[in-house]
Amino acid sequence: MSTLHATASSGHISTTISDNSGNDLLEKLADEPSTATSESFPPDGGRIAWLTLAGAWMVQFCTFGYLNAFGVYQDFYTREFLSHETPSSISWIGSLQLFLMYAPAVVVGRAFDAGYFRHVQLAGSLLHVFSIFMLSLTTPERYYQVLLAQGVGVGLGAGMLFLPSLSVVSHHFRRRRALATGIAVSGASCGGVLFPIMLNQLFANPKMGFANGVRASGALVAVLLTAANAIMRTRSPSKRHGFLPVSHWKHAKRILVDHAYTTSVVGAFCTNLGLFVPFFYLQLFAADHGVNATITTYILAILNAGSTLGRVLPVALANRLGVYNMLLFSILMSAVLIFALFGATSVGSVITVAVLFGFSSGAYVSLVPPLLGMLCTNHSELGLRMGLAFSVVGVSMLIGTPIFGVLLNTDTSGVVLVWWKALVFAGVRHTLASVRYPTADVRRLYSPLVVPRNPLALGRFGHLPLLPAGMHCGRGPVYGHLPSPVHAARPTVEFER
């Protein structure tokens, strides 16, 4: 394998990357001008950056946060609104939402890279709010109405909003990108705390009921998305290029033969087959095992409260402990906690599993975007890499929870829910993912070289790319980033065999 070394006058700095990344870097050296401007790099702060982060938080609150409350709908539909349908059939509604939130990501990501951020956000906001209000007009035992309004409409609306709101954060933050991403996705956990409480209380209130409860949640979503669209800004060039240029397909081919990237995507596919099972079924699990009714009502809020901390704390530590290290830990922890549900039949044990699983799953979700950013060789391909990965992962979200529902409904009487087969399925999926991730190109994942748009201006970049703890960059281990800027002359680039 070829290795690339960047050598500066202030000391020797060496980082190994894959052949694909090396080829991309050589092309960039030939194509880019030798002088970088400060506008080429994220400012890592400022009023516009923090306002954009606040807007991204609101979008996550209204999209992923709203979908995190589907466990309330799953329980309500199973027991009352769609009582003639099986749990598996009902879970298709929620899994279709998740699929459509992720599957269009390759198209949405390309639109983001092409400079259509504002257009996509506005269209997604309108569709998302419209679909929630259409859900309030559905009637009991009309499965197709709920599937179209909530599964298709809400899912597509969330899909148009979700990825751009994460990607735009990378336009404004560089060294603190992982932390900023964690703050943004914590909005999903906060939404997952508020919406389950709100919907449970409104559905149980005779004066409100299902229809008015859904409308109230839709009104809150409309207000927040309006504010988010008003304050978010992108730093992409104002001049838009073709939506599908030849270079797009060229980049896509290179990405698809990148072993570290494809192996990570396969691991994410396995993880997401079981990741959202507790979000869909934990409230039903608690009710079926005779847990206190009050605790059952708030169990999803408790789960998402744990997720809030999980989406911020691990990514704050990732700069020192390594994104990849934290990601593996979160997957293994999630697998253990799913198996722990076998013994979680009391109030205390259910709450404990809910809090800890919320923490581990929140950490996983927030660490995936920084991991994909580590694998980028060019800032302009971030949307494409995230889009391709999210589209593949969307398929696992589509089929994972319905498979769990089929296994759950295997009792011959059709009355008793059989949990052990379903829990084994979800736990094994996580375990396989934790085995699959380490088969990636470890040198690439543990020592990433994120090349700025002008690699020759590395000395002016201020800091080397973030590296996990314990990795050697020249002399001594690097923890997060070098303690002082690199005041170096232009580095020379050479290949060694």
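Student: Go ahead. What am I looking at?

Tutor: This is a predicted model, where local features need pLDDT of at least 70, side-chain atom pairs count only at pLDDT 80 or more, and totals for chains, interfaces and linings use all residues. Residues are numbered from 1 along each chain as its sequence is written, and side-chain values use heavy atoms, with hydrogens and water left out.

Student: How many helices and strands are in the chain?

Tutor: The chain has 20 helices and five strands. Both are DSSP runs numbered from the N terminus: helices are H or I with at least four residues, strands are E with at least two.

Student: What share of the residues counts as buried?

Tutor: Of the 497 residues, 59% are buried. Buried means under 20% relative accessible area, exposed over 50%, and partly exposed in between, with a 1.4 Å probe and protein chains only.

Student: Among contacts between residues at least 6 apart, what percentage joins residues at least 24 apart?

Tutor: That is 82%. A contact means heavy atoms within 4.5 Å.

Student: Now helices. What does H9 span?

Tutor: Helix H9 covers residues 177-204, 28 residues in total. Its first and last C-alpha atoms are 42 Å apart, close to the expected 40 Å. The expected span is 1.5 Å times one less than the number of residues.

Student: Is H9 mostly covered or mostly open? How many of its residues are buried?

Tutor: Mostly covered: 20 of the 28 residues in H9 are buried.

Student: How does H8 do on length?

Tutor: Its 25 residues should span 36 Å, and the end C-alpha atoms are 35 Å apart, so the two agree. H8 is mostly covered too, with 18 of 25 residues buried.

Student: Switching to rings. How many aromatic pairs are there?

Tutor: A search of the whole structure gives 29. Rings of Phe, Tyr and Trp (its six-membered ring) pair if their centres lie within 6.5 Å; planes under 30 degrees apart are stacked, over 60 edge-to-face, and the rest tilted.

Student: Why is the pair of Phe-76 and Phe-203 called tilted?

Tutor: Their planes meet at 40 degrees, so the pair is tilted, and the ring centres are 5.0 Å apart. The pair links distant parts of the chain: Phe-76 is in helix H4 (residues 70-81) and Phe-203 in H9, 127 residues apart. Phe-76 is buried at 12% relative accessible area. Phe-203 is buried, with 12% as well.

Student: Which cluster does Phe-76 belong to?

Tutor: Ring pairs link Phe-76 and Phe-203 into a cluster whose members include Trp-57, Tyr-73, Phe-195 and Phe-280.

Student: Where does Ser-307 sit?

Tutor: Ser-307 is in helix H14 (residues 293-321). It is buried, at 0% relative accessibility.

Student: What does Ser-307 touch, beyond neighbours within four places in sequence?

Tutor: Ser-189, Gly-358, Phe-359 and Gly-362 are its contacts there.

Student: Last one. What is the phi of Glu-141?

Tutor: Glu-141 has a positive phi of about 65 degrees, although it is not a glycine. Most residues other than glycine have a negative phi. Glu-141 lies in the loop between helix H7 (117-135) and helix H8 (143-167). It is partly exposed, at 27% relative accessibility.
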